[in-house]
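Here is a friendly walk through some side-chain contacts and surface features. Have the viewer open as you read.

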Amino acid sequence: MKYKIVPMIAGLLLVHMFTNCFSQNIDKKVFQTAFTEKAPEIDGVLNDSCWNNVDWGNDFIQTRPYENKPPSEKTAFKILYDDDNLYVFIRAYDGEPEKISRRMSRRDNFDGDMVGIIIDSYYDQQTAFSFTAMASGAKGDEAVTQNGNNWDESWNPVWYLKTTIDKEGWCAEMRIPLSQLRFGKKDEHIWGIQLIRHIFRSEERSIWQFIPKGSPGEIHLYGELHGIRGIKPKRQIELLPYTVARMERFQKEEGNPFLDGKKSSISAGLDGKIAITNDLTLDFSINPDFGQVEADPSEVNLTAFETYFSERRPFFVEGKNIYQFQPSRSIVIHNMQADNLFYSRRIGRYPHNYPDLGDDENAEVPEATTILGALKLSGKTKNGLSVGILESVTANENALIDKNGNRREESVEPLTNYFVGRVQQDFNKGETTLGGIVTAVNRDITNPALDYLPAEAYTGGIDFSYSWKERTWYFSGNAEFSYVSGKEEAISWLQGASARYYQRPDADYVSLDSTLTSLSGYGGTFKFGRTSEKRLQFETALTVRSPGLEFNDIGYMRYSDVIHHGTWVAYYLRDPFSIFNNFYLNTNYWMYWNFSGKLLSTFTNTNFNAQFKNRWRINGNFTRIGENISTSLLRGGPSFTLPGGQEMNLNVSTDHSKKLSLYGGNYQGIGDLKNYREQAYWMGVNYRPMNALSVSINPECSISESVLQYVETIQQVNDPARYIFAEIEQKTLSFTFRLNYTFTPELSLEYYGQPFVSAGKYSEFKHILEPDADKFKDRYHTFLNSEISYDAEKRSYTITENSSESSMYSFDNPDFNFRQFRSNLVVRWEYLPGSTLFLVWSQGRTSTATNGTFSYGNDMRDLFGIDPHNVFLIKLSYWVSL
């Protein structure tokens, strides 16, 4: 294996010798602000005399669609401050004010004409705070990190805005409390600032401080705000107590005392934010409630791997970037980009265990683990040290089990402590960074049925990045380790899990040891590349993960036991030409080995993305997969050699600034030797009949056929394991419907609904013979009619090999029909700044069948013929600032 890596390292050194790249000589603009004794009234009108204390800032420059050209409309701004606030007035001139887009939307939807200011109050040239005003009066705000490469919309500071429209265009007036910013103790401050404007009807973007497209970051290139003197950092204390009333209605089940058709509860909790120092903020939550959060989309997962779902809960979403440690974050990493040492969905998850019930027993199992409390300490010092500490405790959850009125409790999730500690130090204004992370999970397991869970799980890592030549060249990397301990049952389970499958009979470099009480591993990724405003960019990367690496107790990981190498090269045309506004072309490859040095797979890919001058967009890609070796197809069995294939998709979207916009796409996957065929089609219709109302419907359809779909592993005494597979035809159809009506920026109604239907039909059952035979069809044996029989009453197949009763075995019919409907109606009213009332109605319906026949009409009638599960919720919070 080492001989394959040497040429890559030599290539990196050779490229490094020729990195005599350009330097960015950008003159930074300066705006001189002034102190005001009397605060302006925030009314969107320039009628306060204090605004005469400063001159206008102007001379914006266009950055899209044409770079470094004069904008079509003039923009100007003024900035004042006092001891407690920063005041911003932006005048957006428009020769056709009747065409200003005033699309009404909820916070952070960023729709219609908009202006904004981005403030680097730390002046670390790495982080900033963005405040955006829509012409409708709606707000947008984001915490910006990684030198402008990460924008966090979940940050919701309390600030004030008013917009007006007149014959000259429109105006935005802002009051930004200094308590919402972070800055150090100084007699005189210099802050980085950027002003932006977006004209919706033409998709024109202009900025005050010119920054070339494709620059390696942007905050370090911002203009400067001078003249702030004598202000003091604010010790922010914000409390958000809340109460929740919840009522559920569902189908009653006779004989089950826990399903009597109704439930109700009232609870309360507290969220808070405290500025511990000028630089560090403590966020905490006691008994948090996330009832207003939209449910995950429906799915049918037939793989051996866990599905990744995005975090939606506000407490864990806000500021999440500081806790992230993604070992394989790179465009060339295939199926590993979601991996992270910290995956917040682990906290408050559905309980691991379900009680083993006897006759006449019923159980009430919690839908989620109770989060007793959680806190986050985060911030960045004036010396460039970022700190993030997260601590959370979840309850010991018990299932309540009833048998003819006699009740008992059984633990289904142990009392658990989760800890994440993350630090990162910037050097030379972020040109070099060095960081580390430590995570810990400790469980108090009292129920022997939960001994398959690790009692302790620890991970740690270090990461670094170094850039030079005005940050256009970079070299970065990370290394991580893990240590997990517990009972023999827990460690045996981890060894046999889908991430590693130690029990594979052909894996002579690992083996499953049932006596172990701990498991450890290591990994690392190293990347070298170039990013700039020039047309050509590239990156090459190497990732290594030992077989024992494991961080799924608090992180997310699909694969260990892998060595990966990949490279991408991208070509950008950023300015309009011919019929295009811009064009992007990328090509890449990636290869995988396991720790035995065996080459597992090779992928090559080409993709493109282009926008036309009429603002339609098209993108697509083509991927070629070579013959590959799967170590997971047989789910613990030997490696299997699969034919290659090719995959492609194409997407087209119309101008989204129109009242009616459309998009559509198609995916096609075709395996060599006809081993699989996949098709998927999707489209979307977005309609905005008025500024306050938007409606969208997004249907998706997929059809997949595969010669080899895993069914079951049959292990009989004194007989080798039988790996049962079948051909499968799976059809899936879903419709996602959304309706948003925004009465005012503070009062909105949102509805989400998704009916989902999927059916899978199995046929041509077979078992694996020679996983690496020269011919694909020699790798398995399809059962003859004389070898397989079906019992319709038991819904099971019986296999009789070689007409011998001694080699008989059975398995259940795997055909399935899955139908689900999920909907969510939320009325959100911010009745005071920071204080919110939620009215929520959620409805869920789920039904299953076992015939495997797809019939959308029949499936939908069956789905909506069952009783729904309705949840009604009222949540009231009140913001207190001390």
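## Aromatic pairs

Phe316 is buried, at 4% relative accessible area (buried means under 20%, exposed over 50%, partly exposed in between, with a 1.4 Å probe and protein chains only). Phe316 and Phe290 form a tilted aromatic pair, 6.4 Å centre to centre with 50 degrees between the planes. Rings of Phe, Tyr and Trp (its six-membered ring) pair if their centres lie within 6.5 Å; planes under 30 degrees apart are stacked, over 60 edge-to-face, and the rest tilted. Phe290 sits in the loop between strand 17 (280–286) and helix 2 (314–317), and Phe316 in helix 2, so the pair ties together parts 26 residues apart in sequence. Helices (H or I, at least four residues) and strands (E, at least two) are DSSP runs, numbered from the N terminus.

Tyr323 and Phe342 make an edge-to-face pair, with 6.4 Å centre to centre and 65 degrees between the planes. Tyr323 is buried at 2% relative accessibility, and Phe342 is buried at 6%. The structure holds 44 aromatic pairs, and ring pairs link Tyr122, Phe129, Phe131, Trp155 and Trp159 into a cluster.

## About the model

This is a predicted model, where local features need pLDDT of at least 70, side-chain atom pairs count only at pLDDT 80 or more, and totals for chains, interfaces and linings use all residues. Residues are numbered from 1 along each chain as its sequence is written, and side-chain values use heavy atoms, leaving out hydrogens and water.

## Salt bridges

The count comes to 39 salt bridges (a side-chain nitrogen of Lys or Arg within 4 Å of a carboxyl oxygen of Asp or Glu). Lys99 and Glu96 meet at 3.0 Å, N to O; Lys99 is partly exposed at 44%, and Glu96 is partly exposed at 31%. Asp111 and Arg103 meet at 3.5 Å, with Asp111 buried at 14% and Arg103 buried at 9%.

Glu294 bridges to Arg312, their closest N and O atoms being 3.8 Å apart. Glu294 is buried at 19%, whereas Arg312 is partly exposed at 35%. A network of salt bridges links Glu294, Asp296, Arg312, Arg345 and Arg738.

## An exposed lysine

Which loop holds Lys382? Lys382 lies between strand 19 (371–380) and strand 20 (385–394), and counts as exposed at 62% relative accessibility.
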